Amino acid sequence: MDEFWVFGYGSLMWNPGFPYKERVLARLGGYRRSLCVRSYVHRGTEERPGLVLGLDRGGSCKGVAFRVAPSSWQSTVDYLRERELVTSVYLERHVRTTLADGRSVRALTYVIDRAHPQYAGAVTVEEAAQIVEGAVGRSGPNPVYVANTVAHLREIGIRDHWLESVASAITANGA
């Protein structure tokens, strides 16, 4: 392997937590960003789960790809496994990703395990807003996670209309 890339689609885009040599907007085909993971740790509890993002099958996802220096490959993988595999709801995958400049690279990313009990499946905007409202986990309130995600996506020029609708529904309900 000559290069090591990581594809981020949620908080990893603006808070990678590992050193990188290059950061590029990218598109991943075959998966879409989805609020489909019941969060028992970071944004909820087992008694009151929240919802966080996962890559689910179908569509495509705009995100960010990070090129990692060879000296940091192993420490980056170790860090990402600790961060993303807390409850084993994600599957580690190497996927073909198209960078904004047209390059095609293989990147490490984490996709939802649809067989895992934390997989929420497809939920409506209203259902998602209801689940998110009031959920709090180790990393803070779930509504803040959704609002911050929408804001950060907009900052880098990515619009996620479904997620924006969830954020609006939460705000409209007073959360």
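A disulfide is taken here as a pair of cysteine sulfur atoms within 2.5 Å of each other. In general, such a link is a covalent bond between the sulfur atoms of two cysteines. By that criterion the structure holds 0 disulfides. The sulfur of C36 has its closest cysteine sulfur in C61, at 11 Å, and the two are therefore too far from each other for a bond. C36 is buried, with a relative accessible area of 0%, and C61 is also buried, with a value of 1%; buried denotes under 20% relative accessible area, exposed over 50%, and partly exposed the range in between, computed with a 1.4 Å probe on protein chains only.

The model is predicted, and local features are therefore described only where pLDDT is at least 70 and side-chain atom pairs only at pLDDT 80 or more, whereas totals for chains, interfaces and linings use all residues. Residues are numbered from 1 along each chain as its sequence is written, and side-chain values use heavy atoms, with hydrogens and water left out.

The strands form a closed barrel of 5 members in the order β1-β3-β2-β4-β5, with mixed pairing. The twist from one strand to the next averages 35 degrees. Helices (H or I, at least four residues) and strands (E, at least two) are DSSP runs numbered from the N terminus, and two strands are considered paired if DSSP finds at least two bridges between them.

Helix α1 (residues 73-84) lies across β1 (4-8), β3 (50-68), β4 and β5 (104-112), and its direction makes an angle of about 25 degrees with β5. Helix α2 (residues 125-132), by contrast, lies across β2 and β3 and runs at about 85 degrees to β3. For these angles, axes are lines fitted to C-alpha atoms, for helices over the stretch in contact, and values run from 0 to 180 degrees between N-to-C directions. Contact itself means heavy atoms within 4.5 Å.

G63 belongs to strand β3 and counts as buried at 0% relative accessibility. With neighbours within four places in sequence left aside, G63 is in contact with F7, G8, M13, V24, L25, A26 and I158. The C-alpha atoms of G63 and A100, which are 37 residues apart along the chain, are separated by 10.0 Å. V132 lies in helix α2 and is buried as well, at 0% relative accessibility. Residues up to four places away in sequence not being counted, V132 touches L35, L51, N142, P143, V146 and I170, whereas the C-alpha atoms of V132 and G58, 74 residues apart along the chain, are separated by 23 Å.

The loop between α1 and β4 contains S88, which is partly exposed, with a relative accessible area of 45%. Phi of S88 is near 60 degrees, a positive value in a residue other than glycine. Most residues other than glycine have a negative phi.

The largest pocket has a volume of about 640 Å³. This pocket is lined by 30 residues, of which S11, H42, R83, E84 and Y145 lie nearest its centre. The elements that contribute two or more residues to the lining are β1, β2, β3, α1 and α3 (142-155). In the search, made on a 1 Å grid over the protein atoms alone, a pocket is an open set of points with protein on both sides within 12 Å along at least five of seven lines, a cavity is a set where a 1.4 Å probe fits but cannot get out, and lining residues have an atom within 4 Å of a point. Grid points are joined across faces, edges and corners, and the volume is the space filled by probe spheres set on the points.
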